[in-house]
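Have a look at the fold before reading on.

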Amino acid sequence: MNSIFRKSVLGVAGLAFAGGVFAGPVAAHADAAPVRTTPVVVQAEKPDAGKLIPHGVQGAQSRIDLNGEQVANTKAIIAATKKAGMDERAAVVSIATALQESKLENLGHLGDRNDHDSQGLFQQRPSSGWGTVEQITDPEYSTTAFLKGLKQVDGWQDMPLTKAAQTVQVSAYPDHYAQWEQQAADLVAKYWNS
């Protein structure tokens, strides 16, 4: 008997709920103006400056204005860094390196002005095993190749940028990477979450 009573009460409650859902809101808002909503855009936070430049910048800093191609190459470096599972600091090191090597321009062979057979954003050389010309002039491939080299540097995360970049690049001008650290960090802060 108790279960019959409980079923009856639940049945009445269910009808009351259904009636309220179907009759109540429709009747209550029949003459109301439609509600307009504005989507809320949540801006992702910029990466922490302390993470981007953990040692502070070294020496005088250089800065250049970027054109559309250079911005696209910056975004390609960031995307390849994320795809490689590496963090914002790796992107800063990569972008500063590319700023020094090519000013973020995907350079082909420069003839007499070329340093041997160096090409692409990172001025990588096919003759040194970086890949084919087609590969090293592809921003994603060249960034991935650079990052693969960076991953092999023990403690790169704790090194000054110029030392980490130089260990991968083996440049004749090892201290020149440092001058681009602030602009590289600014670019990562601007484009990491976009």
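Helices here are DSSP runs of H or I with at least four residues, strands are runs of E with at least two, and both are numbered from the N terminus. By that count, this predicted model holds nine helices and zero strands. Reading along the sequence gives the pattern α-α-α-α-α-α-α-α-α.

Of the 194 residues in the protein, 36% are buried. The accessible surface is about 11600 Å², and carbon and sulfur atoms account for 56% of that area. Among contacts between residues at least 6 apart in sequence, 64% link residues at least 24 apart.

Now to a helix pair. Two packed helices are described by the angle between their axes and the distance between the axes. For α5 and α7, the angle is about 120° and the axes lie 11 Å apart. Angles of 65 to 115 degrees count as roughly perpendicular and those over 145 as roughly antiparallel, so α5 is oblique to α7. Their crossing is right-handed. The two sides of the contact are as follows.

| Helix | Residues spanned | Contact residues |
|---|---|---|
| α5 | residues 88-102 | A90, V93, S94 and T97 |
| α7 | residues 139-151 | F146, L147 and L150 |

By class, this contact has five nonpolar, two polar and no charged residues.

Finally, how covered is helix α9 (residues 181-191)? Mostly: eight of its eleven residues are buried. The buried residues of α9 are E181, Q183, A184, A185, L187, V188, A189 and Y191.

Conventions. Residues are numbered from 1 along each chain as its sequence is written. This is a predicted model: local features need pLDDT of at least 70, side-chain atom pairs count only at pLDDT 80 or more; totals for chains, interfaces and linings use all residues. Side-chain values use heavy atoms; hydrogens and water are left out. Axes are lines fitted to C-alpha atoms, for helices over the stretch in contact, and angles run from 0 to 180 degrees between N-to-C directions. Angles under 35 degrees count as roughly parallel, over 145 as roughly antiparallel, 65 to 115 as roughly perpendicular and the rest as oblique. A crossing is left-handed if the near helix is turned anticlockwise from the far one by less than a right angle, and right-handed if clockwise. Contact means heavy atoms within 4.5 Å. Ala, Val, Leu, Ile, Met, Phe, Trp, Tyr, Cys and Pro count as nonpolar, Asp, Glu, Lys and Arg as charged, and the others, Gly among them, as polar. Buried means under 20% relative accessible area, exposed over 50%, partly exposed in between (1.4 Å probe, protein chains only). Accessible areas come from the Shrake-Rupley method with a 1.4 Å probe; for residues, only the protein chains shown count as cover.
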